[in-house]
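Try each task before you read its solution.

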Amino acid sequence: MVQSLNYLKETPSQTAGPYVHIGLAPGAAGFDIYKSELGWDIAGPDAIGERITVEGLVIDGTGAPVKDVMLEVWQADANGIYPHPEDPRAAEVAKGFRGWGRVITDFDTGLWSFDTIKPGAVPGRMGRVQASHLNLWIVARGINVGLNTRLYFPEDDAAHAADPILSMIEQRHRVKTLIAQKVAPGKYRFDIRLQGDDETVFLDI
Amino acid sequence: MKPAEFHMRDREWHPPAFASGYKTSVPRSPKQALLSIDQTWSEITGPRFGHSDIAAGDNDLITNYATTGDAIGERIIVHGRVIDENGRGVPNTLVEIWQANAGGRYRHKKDTYLAPIDPNFGGCGRTITDENGYYFFRTIKPGAYPWRNYVNSWRPAHIHVSIFGTSFSQRLISQMYFEGDPLIAKCPIVNTIKDQAAVGQLIAALDLNATIPLDSIAYKFDIVLRGRRSTLFENRLEGN
């Protein structure tokens, strides 16, 4: 016999189901119940940095857009600082910069989009630097545990070569699944593929 | 406090992405292995919420959408604590719920089940845990409803729950079921989870101690988020 470790187990995940929108984004789903909807304003009015729009689809294994996704984003500000008390530079974050947002897809097309600012590079482990990125989390009917991934920006090629996460991807042709396309000034496209030849790299964080 | 990593998520405890009995997971489950990464600032930080983000009555689903009277159905209290794997309360964290009404119908344009909409019931609520991680909601017990998985599949009564914790790596969505419901064991979504002890963790217990006499039945539902490594020793998150 040995002593028991006595750790509790994490509550197991279940799918967010087809009606996640009324619970987490009721206003966006056309359901007026709360005075304030959370997650629509990621950067706030005073944040410095380049204003950008990101849009995309989540595509299933048959090639069809997934039309009932909820997607959340968590990001640093333009100086690479997270608005969180444990970030040593958190006091420098502009008032109103939340760094977090959530969007749902259009029920007819599956398109999602959000407006924010481009984040700065973020300190990594062991003194390395992580290229500018958005942390994404997607849930939907049929997704049993929310999927984590990252969006990187195409103009940061040089930084990508040094990025500790991108560097870990063994099959180098899959790196591109984490890099958005620039479709217009300040506008990026990022399609997430759940399966298939171009399946997005998902992360176990 | 020095930054420290959160415990690894036990993927054998959670359902797998692909579960053939839950048909919608078939085309929506990644086929490649997840890339396991060491946590960085991006993972150990996460959004924060405060009481200014919500309104006082948001956690009372019997009244938060009512206009002509209380919502119809069995009046219940759902309460418990949000704790981590080390047993510590998670204070000041956002808990959001959504559910069907007493007849098993959601107020959602995609739900066409024949049970009627209750004009006084919206079906969603939110609250922020107190300094000990405690939360409570008042609501009505949701009904079971049919869904197109197999020809004759029924969801057990359930409440969807969304929790943040303090870091983006703790982010979790799950579902709460009710003690004694015979549909739990038949449900293809419940059965995506392999370990029966893990299923049990999703079943709220009848809590007569918290029941309000002549008013509401109570169910207790504790939610466990990923724990965090001790910071007793130097770690390498920030470098050498």
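**Exercise 1: The interface**

In this predicted model, 92 residues of chain B are in contact with 79 residues of chain A, where contact means heavy atoms within 4.5 Å. Residues are numbered from 1 along each chain as its sequence is written, and chains are lettered from A in the order in which they are written. Local features need pLDDT of at least 70 and side-chain atom pairs pLDDT 80 or more, totals for chains, interfaces and linings use all residues, and side-chain values use heavy atoms, without hydrogens and water.

*Task.* Find the area buried between chain B and chain A.

*Solution.* Start with the idea: the size of an interface is often given as the accessible area lost when the parts come together. Here buried area is that loss, taken with a 1.4 Å probe and summed over both parts. For chain B and chain A the value is about 7700 Å², with 58% from carbon and sulfur atoms.

**Exercise 2: An asparagine**

*Task.* Is Asn144(A) buried or exposed, and which backbone oxygen does its side chain reach?

*Solution.* Then check accessibility: Asn144(A) is buried because its relative accessible area is 2%, and buried means under 20% (1.4 Å probe, protein chains only). Finally, follow the side chain, which reaches the backbone oxygen of Pro16(B) at 2.8 Å. Leaving out residues up to four places away in sequence, Asn144(A) also touches others, including Gln14(A), Tyr22(B) and Thr192(B).

**Exercise 3: An alanine in a strand**

*Task.* How far apart in space are Ala218(B) and Val78(B)?

*Solution.* Begin in strand β11 (residues 217-220) of chain B, which holds Ala218(B). Ala218(B) counts as buried because its relative accessibility is 0%. Now compare C-alpha positions: Ala218(B) and Val78(B) lie 5.9 Å apart, although 140 residues separate them in sequence. Beyond four places in sequence, Ala218(B) touches several residues, among them Ile77(B), Leu206(B) and Thr211(B).

Terms used: Buried < 20%, exposed > 50% of the residue type's maximum accessible area, 1.4 Å probe, protein only. Polar contact = N/O pair within 3.5 Å; in protein donor to acceptor, adjacent residues only side chain to side chain. Buried area = accessible area lost by both parts, 1.4 Å probe. Helix = DSSP H or I, 4+ residues; strand = E, 2+ residues; numbered from the N terminus.
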